[in-house]
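Welcome, and take your time looking around. Let us walk through this structure together, one place after another.

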Amino acid sequence: MALQLGDVAPDFTQDSTQGTIRFHDWMDDSWVVLFSHPKDFTPVCTTELGQVEKLRREFEKRHCKVIGLSVDSVEDHRAWMNDIQETQGARPSFPMLADKDRTVSNLFGMIHPNADDTATVRSVFIIGPDKKVKLTLTYPASTGRNFDEVLRVIDSLQLTATHRVATPANWKQGEDCIIVPAVSSDDARKLFPKGFREVKPYLRITPQPNA
Ligand code: BEZ
């Protein structure tokens, strides 16, 4: 069965551009974004990896490690890094798994045979410090991902892990949040000293608690 939200992310040992990775040890107590791309030396992937590197400080600020993957070799990954530097102005400093034997791709369900039976699709897994899967995304090879959206989700996950709120459509850091339905309005008055607006009994809006 496909990996689902709340599952413990599978542990694995695999080669990478930064040596052998033992995944759970490598994660330590960080948040992690694990993402696959279909193939080295391809145009959309080249832009994606450059873009992720350009956002490096943003991931660091969120105590989030990034790790890429395709079923190509370490040698290919390393050679391609030069092209990414040349064309995107950024050389990935995060490790790239060389999943030639498909250990990780199979554990995480990154190969969708009816789309392509050899290459990985564009998967994203956000994994929490508790090693549990918090988000999964799957994009086709033809569509590059929006990594600002990945950062936005991390912000929401980190906020909602510690406050009893949810975030509305298109929410961004600093904007109003929604009080979760399980909190009574009596409790909400104590929990949310900034106050809240009751649009409907199930739709209560409060300023972001930690902003
Ligand atoms: C790309 O990254 O450009 C790409 C990779 C595989 C199939 C199609 C496009």
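Asn-170 sits in the loop between β8 (165–166) and β9 (177–179); strands here are DSSP runs (E, at least two residues), as helices are (H or I, at least four), and both are numbered from the N terminus. Although Asn-170 is not a glycine, its phi is positive, about 60°. Most residues other than glycine have a negative phi. Asp-28 is another residue other than glycine with a positive value, its phi being near 55°. You will find Asp-28 in the loop between α1 (23–27) and β3 (31–36).

A word on what you are looking at: this is a predicted model, in which local features need pLDDT of at least 70 and side-chain atom pairs count only at pLDDT 80 or more, while totals for chains, interfaces and linings use all residues. Residues are numbered from 1 along each chain as its sequence is written, and side-chain values use heavy atoms, with hydrogens and water left out.

Now step back to the overall layout. The protein is divided into domain 1 (13–145) and domain 2 (163–206), with bounds that come from an automatic or database domain assignment. Their C-alpha centres lie 35 Å apart.

Next, visit the ligand. Which residues surround the ligand? They are Pro-38, Thr-42, Pro-43, Val-44, Cys-45, Arg-122 and Ala-141, where being near means having a heavy atom within 4 Å. By class, this shell has five nonpolar residues, one polar and one charged; Ala, Val, Leu, Ile, Met, Phe, Trp, Tyr, Cys and Pro count as nonpolar, Asp, Glu, Lys and Arg as charged, and the others, Gly among them, as polar. Helix α2 gives the largest share of the shell, three residues.

Look closely at the ligand's oxygen atoms. A backbone N or O atom of Cys-45 lies 2.9 Å from one, and a backbone N or O atom of Pro-43 lies 3.2 Å from an oxygen atom of the ligand. From Arg-122, a polar side-chain atom lies 3.0 Å from a ligand oxygen. On its own the ligand has 260 Å² of accessible area, of which the protein covers 71% (Shrake-Rupley method, 1.4 Å probe).

The largest pocket holds about 210 Å³ of space. Of its 15 lining residues, Glu-60, Cys-64, Lys-65, Val-66 and Phe-94 are the closest to its centre. At least two lining residues come from each of α2 (43–54), α3 (56–61) and β4 (64–70). This lining has seven nonpolar, four polar and four charged residues.

The second largest pocket has a volume of about 170 Å³. Its lining counts 13 residues, with Ala-2, Leu-3, Phe-108, Gly-109 and Phe-125 the closest to the centre. Here α5 (103–108), β6 (122–127) and β7 (133–139) each give two or more residues. Seven residues of this second lining are nonpolar, six are polar and none is charged.

As for terms, a pocket is an open set of points on a 1 Å grid over the protein atoms alone, where a 1.4 Å probe fits, with protein on both sides within 12 Å along at least five of seven lines; lining residues have an atom within 4 Å of a point. A volume is the space filled by probe spheres set on the points, which are joined across faces, edges and corners.

Note on methods
A polar contact is a pair of N or O atoms within 3.5 Å; within protein, one must be able to donate a hydrogen and the other to accept it, and residues adjacent in sequence count only if both atoms are side-chain atoms.
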